[in-house]
Amino acid sequence: METLFFLIITLVAIVSALLVVTCKNPINSALALVMTFFCLATYYVMLDAPFMAAVQVMVYAGAIMVLIVFTIMLLNIRVDATKRHSHKVVLGSIIGFFTLVNTAFIIMRSRVAMPNGPLTGEMIRQQGHTELIGREMFTTFLLPFEITSILLLVAIIGAVILAKKKL
Amino acid sequence: MDMITIPAVNMTPILPEIFLSVLAMALLLINVFIPSGQKSYLGYISFVGVVAAGVLVGAGWGAPVESFSGSVVQDNFATFFKIIFLLSAGLAILISDQYMEREGCNHGELYPLILFTVVGMMLMAAGTDLMTIFLGLEVMSVALYVLAGFNRANLKSNEAGLKYFLLGSFSTGFLLYGMALTYGATGTTRIAKIAAIVGQMTVPSANIMLVAGMLLMLTGFAFKVAAAPFHMWTPDVYEGAPTPMTAFMSAGPKAAGFAALLRIFLVALPTLQVEWSQLLWVLAVLTMTVGNITALRQDNIKRMLAYSSIAHAGYALVGFAAGNGTGAAGILFYMLSYTFMNIGAFAVIILIGKKGEANGTVMDFAGLGFKQPALAVAMSVFLFSLAGIPPTAGFIGKFYLFSSAVQKGYIWLAVIGVLNSAASVYYYLRVMVYMYMKEPTEDFEWTRITPPIALSLLISVAGTLIPGIVPSVILQFAEQAVKLI
Amino acid sequence: MMADPHLLTILVFFPLAGCLLVLPVWKRPAAARPLALGVMTGELLLALWLYASWQGLAALKPILPGYLLVEDAPWIGAFGIRYTLGLDGISLLMVMLTAFSFCVALAVSWRAIGEKVGLFLALLLAMETGIMGVFLALDLALFYLFWEVMLIPMFFLIGIWGHGRHIYSTVKFFLFTMFGSLLMLLAIIALHLLHAQQSGVATFGLHQLIATRLPAGTQLWLFGAFFLAFAIKFPLFPLHTWLPDAHTDAPTAGSVILAGLLLKTGSYGLLRFGYPLFPQAAQTLTPLFYTLAIAGIIYASLVAFAQEDMKRLIAYSSIGHMGYVAIGIAAWQPVALSGSIIQMANHGVTTGALFAMVGMLDERAHTREIGAFGGLWGKIPLWSFFFLLFSMASVGLPGLNNFVGEFLVLSGTFTKSPLAAGLAFTGIVLTLVYTVRLVQEVVFQTERKPLPLADLDRREICLLALLALLVILMGVHPAPLLDLIHGPVKILVGGAP
């Protein structure tokens with residue numbers, strides 16, 4: 001049952017990912033991208049990671065996509081700009097294919113060596129995913145968590161400097 | 001549900017980082033109240049701040065102190081690199097003012113961004129967790145993207161910023177993927193734990209996920225240190241970025257990349273050394289050769305130094321390929337001396353240049369030798385050091401790196417390195433030929449040398465010559481720094 | 001005072017101190033010239049004083065056998081690099097030659113260098129330090145340091161004050177020598193590491209490294225790297241191509257130093273480091289060495305015959321003369337080696353003198369074309385007299401200095417390889433041919449172009465008379481110099497199988 005569900009989701013994910021790059025209209029592409037994000041969120045749910053799923057939907061499918069769509073609409077892309085560049089498609093597909101094979105090979109070969117983490121699905125159901133993540137974030141990964149604040153600050157300053165009309 | 005107990009954290013190891021972050025934020029606020037045209041004061045404050053941070057860092061020399069449950073450490077290795085970062089930042093700040101004033105982009109945000117870059121680099125060197133290292137790298141990179149495009153009125157600078165951003169994000173993707181795979185293979189991001197788990201594996205190289213993780217991390221860092229074949233961004237970015245930032249970028253972040261590489265590969269993955277040292281062998285040869293051969297044909301001096309900086313990354317990779325204590329200490333020493341000689345050379349370029357990035361070719365050095373003798377002598381010292389001619393720090397550094405390769409038995413690597421070094425002499429000499437043996441094509445007013453840039457030149461010359469003549473003290477520090485690794 | 005080893009440090013760094021003194025006044029020739037003269041004369045006096053007291057020093061028996069003075073101090077502990085300077089008879093001869101050649105170089109450029117005089121003198125002084133260091137260093141890393149350092153001033157000397165295609169020449173010169181020496185650096189490092197592996201002692205000291213046991217293959221590689229570096233400096237055929245260019249385009253002082261000293265660093269390095277460190281490999285490569293040396297002699301003589309530029313001609317003759325030095329070293333036999341060392345000094349004096357004289361002529365006539373002159377005997381007899389004398393010395397006329405060196409080299413080599421000696425002898429005949437042509441065309445022939453030439457002035461006469469005196473003295477009474485190098489040569493040759 002789960003496998004069947006997985007296969008269906010995967011099919012949707014792949015098709016919508018293809019649509020992202022093949023659609024002529026950027027809005028359609030963006031919408032296809034949202035679809036892909038949703039499929040990824042589904043994977044997280046299946047992997048007992050509901051928090052990640054929620055974040056995926058809220059941040060990527062929600063916030064980031066809204067930004068992208070806004071940008072597309074604001075820029076008001078004309079028809080000539082919507083023309084797809086078709087050169088290097090062959091090269092791209094070859095590289096993509098090999099990357100895929102490579103990745104598949106890696107995943108299949110190293111199945112055995114995967115160590116189990118300290119958290120089990122049981123624990124997640126008992127304590128809640130969000131709390132476990134929060135706990136890790138404020139204990140083991142406290143410092144990296146704090147560093148992200150600096151990272152965001154730097155990014156904001158950068159955005160202001162590069163984009164503001166007059167400094 | 002029990003409360004989360006935040007583990008006791010010892011702030012001392014990250015005191016310099018905290019200090020610099022707070023200073024940077026304070027400068028952002030102060031900036032608002034300083035009228036444009038007087039932004040130099042921010043530079044002075046940040047320079048003093050960098051010196052103070054240097055004192056804080058220096059106080060940490062000694063036994064290692066861990067903190068944040070093993071995310072970060074204060075050890076001699078990190079301390080040595082932090083000093084390099086602070087030196088590069090300090091020198092960059094000193095040479096920024098005059099240039100930015102001339103190019104009309106002396107915005108106050110420059111200095112906080114430089115300080116944030118340093119914070120990022122410090123976290124990369126001190127991080128003992130892949131997450132810390134990654135976030136440090138991101139802080140550094142994001143700040144650098146902005147610094148590369150800082151001269152907004154200049155199209156080339158814009159291009160540099162954008163190009164650096166795109167390729168940098170791309171490389172970050174590689175790095176993160178590599179880290180994720182490593183995490184998948186070992187179940188932890190702590191470097192010490194990775195080492196323990198990989199050490200227990202009977203044949204670590206058979207664990208394809210781990211190997212793939214290693215390769216991707218190597219690729220990611222190779223982008224950051226500008227190693228061939230991942231160097232394509234370097235020339236355009238170095239040429240387009242404001243010159244002081246080019247100087248900074250070629251010294252500090254390169255060293256930071258090496259710091260993280262060394263820690264991850266030598267501490268976490270020593271059991272895979274046979275595999276990665278062969279890879280690095282190839283990488284080193286490619287990097288040196290591509291850098292030097294391409295530099296031979298450059299007329300634009302910033303571009304020439306960009307390619308030469310690729311070549312220098314190659315020399316450092318020689319020591320990395322050797323992967324022994326000598327090699328690691330050699331990299332430390334080399335990065336330190338490279339900081340001085342390269343930023344020094346860029347300082348001279350700033351003084352030669354004119355508004356709008358004009359006067360940036362080798363030919364523009366014509367006649368410098370007799371118009372500005374002191375400046376030309378300083379430039380000669382830097383160039384001789386870059387070429388690795390004694391008695392300069394560059395020579396001792398190369399001596400160190402090539403000995404490590406010979407020690408390891410990589411004779412051919414050393415031979416290729418030496419031949420490259422001989423080839424590089426040509427393009428460094430070319431600048432000198434113009435300085436001393438050609439007449440200037442046009443007569444123009446020389447830029448006034450302001451005190452900060454003079455100070456930076458003085459420091460750079462001292463830092464290039466003194467370790468070349470009496471290297472013992474610094475060599476000892478470098479060797480102590482790598483002892484723990 | 002008698003045996004104070006710090007004398008060596010003074011010997012090496014006194015000129016550098018002079019350089020630092022000259023730099024501040026580099027824009028005032030009137031101050032810079034006497035200062036440089038004082039320093040160089042002081043250096044020469046110090047060298048001569050050392051020579052005067054060498055027997056007394058030898059009686060004191062310092063740490064190393066055969067050495068008169070040894071100074072030793074730690075320098076870079078991490079690598080085991082020490083600051084070791086040592087003076088033996090051979091070094092002393094070279095030191096005297098160095099101090100003397102620099103005085104000559106200064107004298108010939110007294111007027112000839114008109115612009116940027118102070119800088120010129122500062123560079124000369126800096127180079128003197130480098131060359132002194134090369135002749136005295138006993139630590140391979142230290143030797144390498146001086147070896148490289150002496151190139152830098154020469155690079156500027158040719159590049160700034162040279163003529164013709166001076167930039168091309170100076171870059172070529174620098175790259176050639178740099179290329180060779182970098183490979184030597186690797187060999188030095190490899191030797192150091194092999195020694196450290198065997199004995200557990202990290203050192204670059206020559207006398208410790210000699211004890212390293214090396215497999216034949218390794219030895220061959222390492223010697224090859226050393227040999228390449230030295231052969232470029234020598235210069236041996238076919239690595240000589242930088243030399244004619246550099247000589248032709250260098251200012252006179254540069255030519256004097258190049259011919260008198262820089263070439264000698266190659267031969268000195270070979271006999272001080274190359275042969276003692278890798279005796280078997282050196283033996284293996286001896287036939288090659290002979291071949292290159294003889295090919296060089298014959299080739300250089302033939303090419304010299306076709307030259308129109310006097311300076312270029314003398315440059316090629318230099319290659320030929322250094323060929324004899326090479327043969328003497330290749331024979332590695334006491335008599336031949338002594339001959340080589342004496343020949344090194346002789347060549348420095350004679351060729352230096354010839355370059356100086358061509359420089360003087362060039363100053364007056366602004367050309368060095370052989371075809372432009374003729375009949376100088378009647379116009380400037382003094383110049384012609386000295387030129388004839390030095391040319392004869394260069395050919396190896398008995399009673400003049402070169403004869404001693406060549407005679408010793410050939411007679412010594414004859415015992416080892418009659419063939420090589422025989423072939424080298426034909427070289428002497430060829431030398432005679434082109435030198436006679438030079439003298440014939442320039443000094444005797446009838447005048448071809450009416451050139452307003454003034455004869456030598458007092459400064460030039462003093463200089464040339466001094467050189468002529470040396471040429472004759474070393475020719476008729478070489479015994480003191482032979483005594484000086486006798487001991488060290490025996491030790492060197494005794495060390496080789």
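Student: What do β1(C) and β2(C) form, and how many residues lie between them?
Tutor: They form a hairpin with four residues between them, and Gly80(C) in the turn has a positive phi of about 75°. Strands here are DSSP runs of E of at least two residues, and helices are runs of H or I of at least four, numbered from the N terminus. This is a predicted model, in which local features need pLDDT of at least 70, side-chain atom pairs count only at pLDDT 80 or more, and totals for chains, interfaces and linings use all residues. Residues are numbered from 1 along each chain as its sequence is written, while chains are lettered from A and ligands numbered from 1 in the order in which they are written.

Student: How many bridges join the two strands, β1 and β2 of chain C?
Tutor: Eight bridges join β1(C), residues 67-76, to β2(C), residues 81-88, and the strands run antiparallel; pairing requires that DSSP find at least two bridges. Ile76(C) stands opposite Ile81(C) of β2(C).

Student: Changing topic: which chains have the most contacts between them?
Tutor: Two pairs of chains touch, and chains A and B have the most contacts, a contact being two residues whose C-beta atoms, placed from the backbone, lie within 7 Å. Chains A and C do not touch, and their nearest C-alpha atoms are 37 Å apart.

Student: How many residues does each of chains A and B give to that contact?
Tutor: Chain B gives 38 residues and chain A gives 26. On the side of chain B that touches chain A, α5(B) gives the most, with ten residues. That side of chain B divides into 22 nonpolar, twelve polar and four charged residues. Here Ala, Val, Leu, Ile, Met, Phe, Trp, Tyr, Cys and Pro count as nonpolar, Asp, Glu, Lys and Arg as charged, and the others, Gly among them, as polar.

Student: And which residues have the most contacts inside the largest nonpolar core?
Tutor: That core has 405 residues, and those with the most contacts include Val139(B), Leu332(B) and Met357(C). Helix α13 of chain B, residues 325-352, supplies the largest share, 20 residues. A nonpolar core is a set of buried Ala, Val, Leu, Ile, Met, Phe, Trp, Tyr and Cys residues joined through C-beta atoms within 7 Å; buried means 20 or more other C-beta atoms within 10 Å of a residue's own.

Student: What is Val139(B) in contact with, leaving aside neighbours within four places in sequence?
Tutor: Its contacts include Ile147(A), Ile150(A), Leu151(A) and Val154(A), as well as Phe116(B) and Leu123(B).

Note on methods:
Buried ≥ 20, exposed ≤ 12 C-beta atoms within 10 Å, placed from the backbone.
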